[in-house]
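These are brief comments on the contacts that one chain makes with two others. The points are numbered for reference.

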Amino acid sequence: MNLLIWTLTIPLLTAGVGGLGGPPALKERTMVGGLALTFGLCLAIAGQFLGGHVPAAFDDVLRVDGLSALVLVLCGFVGLLSGCYGVGYLRRNERRGLVTPRMRREFYGLIPAYVFAMLLVAVSNNLGVLWIAVELTTLASVFLISFHNRDTSLEAAWKFLMLGSLGLGFALLGTVLLFAAGQGHLGEGMSALNWTRLVQAAPQMHPFTLRLGVVFALIGYGTKAGLAPMHTWKPDAYREAPSPAVVLMAVGMLNGAMYCILRIHLISKAAMGPEFSGGLILTLGLLSVLIAVPFILIQWNLKRLLAYSSIEHVGIMAVGVGLGAEAGVFGALLHMTYHSLAKPVALFSAGTLAQLHSSSNFKEIGGGTLGRTPVSSALLVLSAVIITGSPPFGLFFSEMTILRAGFAGLHPTATSVFLAGLVALFCGMAFQIGRLVTGPQPVDQKAPDPERFDFALGTAIVAAVLAVVSAFYLPAPLMALIRAATQVVWGTA
Amino acid sequence: MSAEAPFTIAAALLQAGGILAAAPLLKTVIKKMKARLQNRRGPPLLQGYYDLAKLLRKESVRSETASWVYAAGPRVYFAAVVAASTLVPVVVAAAPLEQTGGVLLLVGTLALGRFALATAALDTGSPFGGMGASRDMTIAALAEPALMLGLFASALAAGTMNLGVLVRGLVQQGPSWHPSDLLAFAGLFIIVIAETGRIPVDNPATHLELTMIHEAMVLEYAGPDLALVEWASAVKELVYLSLLVNLFMPIGIAMKLEPVALLVGLAAWAGKVSLLAVAVTLVESTNAKLRLFRVPELMAVSLGLAFLALAIRFL
Amino acid sequence: MTANVLTLCAAGMLVTAYLMVGQKALLTTIRLYGLQSLLLGLVAATIAIAESRPELLITAALTVTLKGILIPWFLMRTVDRIGIHREIEPFLNVPASLLICLGLTVVGYRVSTGFEQGARGVGHHLIGVALSLLLIGLFLMVTRKKAITQILALLTVENAVFLVAVGVTSGMPLIVELGISFDVILAVLVLGVLVQRIVGRFESMDVSRLSQLKG
Amino acid sequence: MATLAAIGLPAAILVRLFAAATALALARRPRACRGAALVGSMLASLLTVTTAVEVVASGHSVEGALFRHAASGTVFDYAVTPLSAWFLMVLEVIALPVALYSVAYFSHSLAASRTAVVGVAFNVLLASVEVVFVSSDVIAFLSAWEVMTLATTALVATEHQERASRRAAYLYLVMSHVGTGCLVTGFLVLAGHAGSLSFPVLLSGRVVSGPLRDGLFVLFFVGFGVKAGIIPVHVWLPEAHPAAPSSVSALMSAVLITAGIYGLYRVCAFGLGIPDQNWALAFMFAGMLSGILGVLYALTQTDLKRLLAYSTIENSGIIVLGLGAAMMAMSLERPALATAAVAASLTHVLNHAVFKGLLFLAAGSVVMATGTRQIELFGGLLKRMPWTGLFFLIGALAISGLPLLNGFPSEWLTFQALLLGFTATPGLVRLNFPLAGALLALTSALAAACFVRAFGIGFLALPRSSSASRAHESPLLMLVPQAFLAMLCVALGLLPGVTLSALDTVVVSLPGLQTTTSMADGALGMASGVGRFDYVVPGGFGLAVLGALLFVAAVTARRATAPRQVPTWACGGEVTARTEYTATAFSKPLLMIFKAVYRPRREVDALAEVSPYFPQEVRYRAEVEPTFERYIYAPLVRAVIRGAGAMRVLQAGSLHTYLAYVLVLAVVLLVWLGGTR
């Protein structure tokens, strides 16, 4: 049977097992095992693709090209990481007796389901299926956000759901319009909504309908990606969701949404050249980078801080894509890869800090965490250095690639604004992380739980090692995937 | 300096010795002229030598709190000043050690001496030493730019910064009577007054500690140490005056090493220096000492003069 | 004939939207939404008959049963269970809201002129109505404070999208449409659950109170 | 030798990375960790020196690739040009003794828990500086530049419990990052126009022209000026340098600023084509300002390390002033003159590194022995730490630019450059040179005053505190490096010709300059480079001074009886630490004279019960206003914070607002799309 199908069914089964009753130990094993298997299958599929044969199923409704393969691998990787971390995370909470059976069911059920939805996004070659998959990710994450069932988590979930569904409405409209624009060249039937055909038909499409469709689709999927000004759900959701779920949102969801945006961009580019959609994407990306600056400067909450940082990064990717240069696209995809490797470290260490201090608020955590939770704090510093794009780590090189493309290309002014934003963001992050980890131990504060070397911490360390190593050495196949993806987007494939 | 090395050394020794010998006389002459202007008789002309001889014979007394720096101070000061004296053309239109450097080296060496003395003054722990050192360094720092600019003015005019070459050049091209010379001279004269610790900047004769500058700095010294300081100061003053006269009125200075020329040169030098000494005396006896915080204004004036000298010569 | 029916239905949908803007009683608003959905179904059916496209009939049926009957019923049940029947004062008073909605309609129509006349000569009317409907729905979401009204507004947006789907494209591929409808149900269920949780915790459906998360 | 030189640099980098890794691995055992880090560093320095010496001697660059970043396809090319080699030599001449010094210093005054971090950062820092000096590829340069910043920040924040050092570290980080931002823009715009990332192409001087060129110059000037500590972008320096461990401060003050200087040389002066006259003027004014203000602020410091930091700003100013003169000469196409100026500036780079390194190491010993940085609490240290005292004195004499030591030759050369510049420049602009000359004279004289104060108050007379009276000499391992640097001060002071002739290949390798052979007069002497305008032989003159000293000895040392030791006369009172002249008092006259700069503020409140004439106690507070901090930076920061705070309303928590954003965006885009096709 087709690998593709397996890749999708395995996480579904895992979700099923996790969602039903049964002993925790079993659920833990199934989740880790299932997600590991899934990741393995993702790698296998990527291997197939690189081997020259294009994995597809259901007459091309599911189809893997370079871009899909890249996103697929990254999502599978993140899924595995968050699964492992999640097990440790829940154990910690159990140790404090915070976990009800319902919670356990939701947790072990929803996380694999979420992974399933993300993978479906990555491999779907069909506008409609894509939309459905994205909707599924939304539904899966709602209850993860309201997981802790606090007032604030309900609020966050509500906001997320409202904005998300609205966005999806827009995305659906966009899809419909794209479909309409291509009518007569595509005919009826399922395959009429396939990328491959849309891109072929794009040049003959009705331009206005197409433009309208692109605009709505960008707003819609931009909401999921968290591009400003549709980013407003992000800080709340990140703050409330349990860290493993946050990782899925901040990396998997982000990549998936970016993937959708790239697809839309592709069609529009095939029809009207890169300027139209590129300009829109560039504007939204720039806006996202700039909007993140003040909120990072005045932030008081660690997890919200990271939310704004991920708004920044999606903005960076968007800018890279929007610049309308192949180097920019390559930089953006490289950035996506390195971001997927680095962000989990930040979120894991931040999550650990928050969990041990049972708060993610700077005031309540208090400064000088290096003295109390040395490993996590060190990891946090390291990851902060990485995700602020400092050399010698990967994000520096991807940002440099984007900047270079920008200064060499058509938008030097926009690029310099972008650069200014990056500088400001670095200063903000440095300030926040600095005041959190350094300084004297706070007096009159209840000691946090001791940092013991458990499964979650182990995962974080492994992730950190990977993030550091990847800076100097990306496996050749991964590089090949990034290049293939660039070709897909730049349309030289 | 290989073949003429012995000759150079001899010349250096000769000039240093000569200036060492003449310096106390200059101090006394100025004292005497001042006394005469105040209708006193004043000391005998050889008083300076008597004082030195006496001080050198006395036992040396040092503060318990002081370290070796205290003893080193006067010696380095003396050595620096004496060495500096060999960089200036005096009787002959050439400085014995002109091969080793020019204006900048001269100024630098004098600064070295000052550094040594000021440091040593801080070694006894007496507040006066500190006060003197502080004020002396302050005034020196303020004088430095004006001094440099004044010297630059003439150096740039002559196209060299080596005093020997400079003076020879001046003699060959004859007196230029350029107004900038006058301005530069005036500027440098003020500086010399300041550097040699004379009224209106400092009062060499005062015994009121709070108004002292140079004297306060050396207040703790006695015996041979004091002798060295006094002697070196005298030498310094003579060096400055010789520099001044030879830079601006190199009349009669010996161009060749012939007995006649040398004698003429010697006489001319003595005459010019004493002329300048008279000027110094007049300034001293007609002015009152300035408050410390008025001194900068004086320095500013001389700086302005020097700058003007440069400007009107080159624009 | 067909053209008139379509235009009529479209106009009717727009009217319902305006009524929703002017309306404060929750149950009426839900009924208005139901009516709107029925009209949508009618549009689909008309096109299906006029162009003899059976699969559109399925769409129509789906729309009517789902949005015309099921969802309103579900929402009414929720309202009854919670027992709150009136919308509290929205952020904007009715006249102002209506004016803004007029503006939004103008925008929608202006944009719709960009389409060529669809096969049935009413293409851009439908588009105009649909886009206005979309913007009005969004506007309702912005101004209304009750969770239920916000859901209704969201569903109005959904309706607008469907109107475009049937009006311009003569329907999406069937499977896709099924999937989408299924998703919509799911979304509504989730929303309902969430609303009940919110009410259970805040003793109110006033979502404007959900504003603890700042900065 | 040649082969070793060929691989010297990459080998050194490897050694450093290895040393860092080992240090990290041995984190639990401070002793071994220290050893690994520092010995490794010394080894690496030796390796680098071989390359640098080889290049400077032969004048042929050594080139190669350090590392290839496959993902982004960047290759870290490096080329040890003579200029790079010169800065490398300067770096290692300091890095070697500093590493040796640190072995003992860290063991005494560094918490065991910090050893690993400091050891790693130390090596990473040096490695990055080396790469900065040699990299010939933009990305390589920028990454090394950035890593340098990060490592330095880590070292500055070593004592992160103190608020001061946290603040210093952050200030440093932010300012450097803004600077880096300017550099990235500048370099990438250049790259955009050149279509290449390699320095030889970018910095050929033919890439851009016209206003764009001027704009880029400004960007680079600011970007590198921050690191060089040029006023007004200097504010981080006096905070950061004192905060770091003293041996690291030595490194920072002596070498890190030269990274900025290197940039100014490589890009601003020789990378953008023939300099514009206004650029030269900008450099000269910046240099003058930094020189004079730097020394003026140094004069009033009572914290020894801050004092040294400010004097670093001063010297950096002198270096830039020389470079400015060179640029002026280049803009007028006067190669001989430009050569003289560049020689002056590069010589001062070396000399400043040597004596500032020496001073900071000595200061480190003092701080370690007394446990304070306050000059007012030192006193009488010369008797307790004779060697350290001697070395500090030598450094003080050198930095005051006095003959026979190495401060003199470079200031002498700078004066030459200025005077010749005056003769060479037409028009009113020339008046700028005598002005610079006068200011330079003032600067060096004030420096002399400053260090008389530092040494005299700090090391002489009576101890001013119990900690000072309990001070003791540092271990041998800390004295040897100081001795080495002190000897270097003397050697470079007496043999300026050696430095100049070593500079020859460096200067020749720079566009538009000529050989310095006319300047080096044997090993002992220097000439002004233009005719016989001026020449000096410090060594020869040194003999004269020596002779005079012998004469003194002859005159005074006849008597056998040792001098009588008596207490100092203090108007009948007893001389105690309280009657001594304080550092504050020492600089008071200058404080009053330069009121305009210092804008001093003093508060005297006397508590009198009986009558105002009989105060019970008098409190006195005086402070010098930090002009730039107060009038430029503080308002800026406040504005930013306020602005950011104002933005908070965008995320005020109301879902309706958030939805409104989407509505507005949709409407705007729809209107933008318009209707008619």
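How many residues of chain D are in contact with chain B, and how many residues of chain B take part?

1. In this predicted model, 63 residues of chain D are in contact with 68 residues of chain B. The elements of chain D that give two or more residues to this side are helices H14 (381–384), H16 (407–424), H17 (432–459), H21 (538–556) and H22 (583–593), together with strand E6 (564–566).

2. H17(D) gives the most to the side of chain D that touches chain B, with 13 residues. By class, that side has 47 nonpolar, 11 polar and five charged residues.

3. Strand pairing also links chains B and D: strand E1 (residues 61–63) of chain B and E6(D) pair in the parallel sense, over three bridges. Within this pairing, B:Ser63 stands opposite D:Val566 in E6(D). E6(D) is also listed among the elements giving two or more residues to the side of chain D that touches chain B.

4. The contact between chains D and A takes 42 residues from chain D and 47 residues from chain A. On the chain D side, the elements that give two or more residues are helix H5 (138–156), helix H6 (163–194), helix H24 (627–647) and helix H25 (655–673).

5. Which element gives the most to the side of chain D that touches chain A? H6(D) does, with 13 residues. The class counts for this side are 25 nonpolar, 13 polar and four charged residues.

Technical notes. Residues numbered from 1 in each chain as written. Chains lettered and ligands numbered in written order. Predicted model: local features only at pLDDT ≥ 70, side-chain atom pairs only at ≥ 80, totals over all residues. Contact = placed C-beta atoms within 7 Å. Helix = DSSP H or I, 4+ residues; strand = E, 2+ residues; numbered from the N terminus. Nonpolar A, V, L, I, M, F, W, Y, C, P; charged D, E, K, R; others polar. Pairing = 2+ DSSP bridges.
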